[in-house]
Amino acid sequence: MDSTSERRDPHRPYQSQGDKPMSLSHQRILIIGGGFSGMAAAIELRKLGAQVDLVEIDPGWRSYGAGISLGGATLRAFRRLGILEAFLAQGNASDGVNLHLPHGPQVATLPTPRIAGADVPGGGAIMRPVLARILAEATRAAGTNVRLGCTFSAIEQEADGVQVTFTDGQRQHYDLVIGADGLYSKVRETVFENAPQPRYSGQAVWRAVLPRLPEIETATMWMGLKIKPGVNPVSKTEMYLFVTEPRPTNDHVDPATFADRLRALLDAFSAPTLQSIRSQIGPDSQIVFRPLEGLLMPRPWSRGRVVLIGDTVHATTPHLASGACIGIEDALVLADELAQAGDVPTALSAFEARRWERCRMVVENSARLGEIEIEGGDKEEHSRIMRESLMALSQPI
């Protein structure tokens, strides 16, 4: 968790050694990558008056995947971004996580505090493409200059900014460049020659979108020894199934076998609800398989006037349902610090100081939860890490 000395109240005027806050209205900012953290940065920086360009290499600006589970801290971030109402209308919000034994009985409910406000449930889920569309609409509505099918070909640091050459032949000068191009970031590779590479965790996750069962009202999981299935409603009519599986090596899995493999993973679970879910899985099911990888880049996260945010510097496995959360929070904190600081270097240093410990906690604790699941290890340790991590995430950013 961030220490008190490193966290400033974003609503309190910035006070420094005689410096005045920058006026962002004269700042030209480039965001490379149109994922969740990049779009959140664009929305917040436009609110502050910055001139923002966002380039996204995918000409269709698509978001791949099935459902995504979100905690209360993410919903708090959505409220600040101005997309909470759209999420509540198009996704699903609920309280608590129900835990069941493999044969069915419920043994506990993990509380999910209402971090976003008394009127907002403590967690939820939504289809990834739906959330991406909500954010994309807000990004354009904010006045961001979005260029699709385009990325950078060269980044050149200068004393007062960054010269960027683009794949469409344009060349432009920016006061700040934000790298938000994900786990396999080309910005990270270009600016930090010795940056770490993603590491496979030894675990994979299966996800499938299915018709919602009436009894599934909130996130629900069945606690197997090494296999952990769960479901979460993503709308009034749909839910998504997720199943984590130990896989010692990151081998290719033939998509033609997805349905059979996923059904087989649920064979050992006799819980009636889970068997009903299993019976819905067939050749036409929308199934996504993903090996779980992680990355935590040591500080610094910036060089000159280029800063990295989101999965580019702290990609996490999904065990705390907080990967999107900490990436979006990065965008909010970076906007705070740019608005309050007297210059860009000061802002970037303050941004890192506020973000490092919280993001490190999520990445490392998520990785440890995965290790315990792979080993069939100590469930008390697993519960303690979950509880402590969720308490930390409930704190202000």
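This briefing covers a pocket, aromatic contacts, strand pairing and backbone exceptions in one structure.

The model is predicted: local features need pLDDT of at least 70, side-chain atom pairs count only at pLDDT 80 or more, and totals for chains, interfaces and linings use all residues. Residues are numbered from 1 along each chain as its sequence is written, and side-chain values use heavy atoms, with hydrogens and water left out. Helices (H or I, at least four residues) and strands (E, at least two) are DSSP runs, numbered from the N terminus. Buried means under 20% relative accessible area, exposed over 50%, and partly exposed in between (1.4 Å probe, protein chains only).

**Second largest pocket**

- The second largest pocket holds about 370 Å³ of space.
- Of its 21 lining residues, the closest to the centre are Leu99, Met223, Lys379, His382 and Ser383.
- A pocket is an open set of points on a 1 Å grid over the protein atoms alone, where a 1.4 Å probe fits, with protein on both sides within 12 Å along at least five of seven lines; lining residues have an atom within 4 Å of a point.
- Grid points are joined across faces, edges and corners, and the volume is the space filled by probe spheres set on the points.
- Strand E6 (106–110), helix H10 (344–375) and helix H11 (379–393) each supply at least two lining residues.
- H11 gives the most, with five residues.
- The lining divides into eleven nonpolar, five polar and five charged residues.
- Here Ala, Val, Leu, Ile, Met, Phe, Trp, Tyr, Cys and Pro count as nonpolar, Asp, Glu, Lys and Arg as charged, and the others, Gly among them, as polar.

**Aromatic contacts**

- The structure holds eight aromatic pairs.
- One of them is Tyr240 with Phe242, a tilted pair at 5.5 Å centre to centre and 45 degrees between the planes.
- Rings of Phe, Tyr and Trp (its six-membered ring) pair if their centres lie within 6.5 Å; planes under 30 degrees apart count as stacked, over 60 as edge-to-face and the rest as tilted.
- Tyr240 is buried at 4% relative accessible area, and Phe242 is buried at 15%.
- Trp206, Phe258 and Phe289 form one aromatic cluster.
- The charged end of Arg147 sits over the ring of Phe166, 4.4 Å from its centre.
- That label requires NZ of Lys or CZ of Arg within 6 Å of the ring centre and within 35 degrees of the ring normal.

**Strands**

- Two strands pair if DSSP finds at least two bridges between them.
- Strand E1 (residues 28–32) runs parallel to E2, with five bridges.
- Arg28 stands opposite Gln51 in E2.
- E2 (residues 51–56) is largely enclosed by the rest of the structure, because five of its six residues are buried.
- Strand E3 (residues 67–71) is mostly covered, with four of its five residues buried.
- E3 and strand E7 (residues 123–127) run antiparallel, joined by five bridges.
- Ser69 has Ala125 as its bridge partner in E7.

**Backbone exceptions**

- Most residues other than glycine have a negative phi, and most peptide bonds are trans.
- Arg299 and Pro300 are joined by a cis peptide bond, with omega about 10 degrees.
- Pro300 lies in the loop between strand E17 (286–296) and strand E18 (302–303).
- Trp61 has a positive phi of about 50 degrees.
- Trp61 sits in the loop between E2 and E3, and is buried at 14% relative accessibility.
- Ala321 also has a positive phi, near 50 degrees.
- Ala321 is in the loop between helix H8 (311–314) and helix H9 (323–340), and is partly exposed at 26%.
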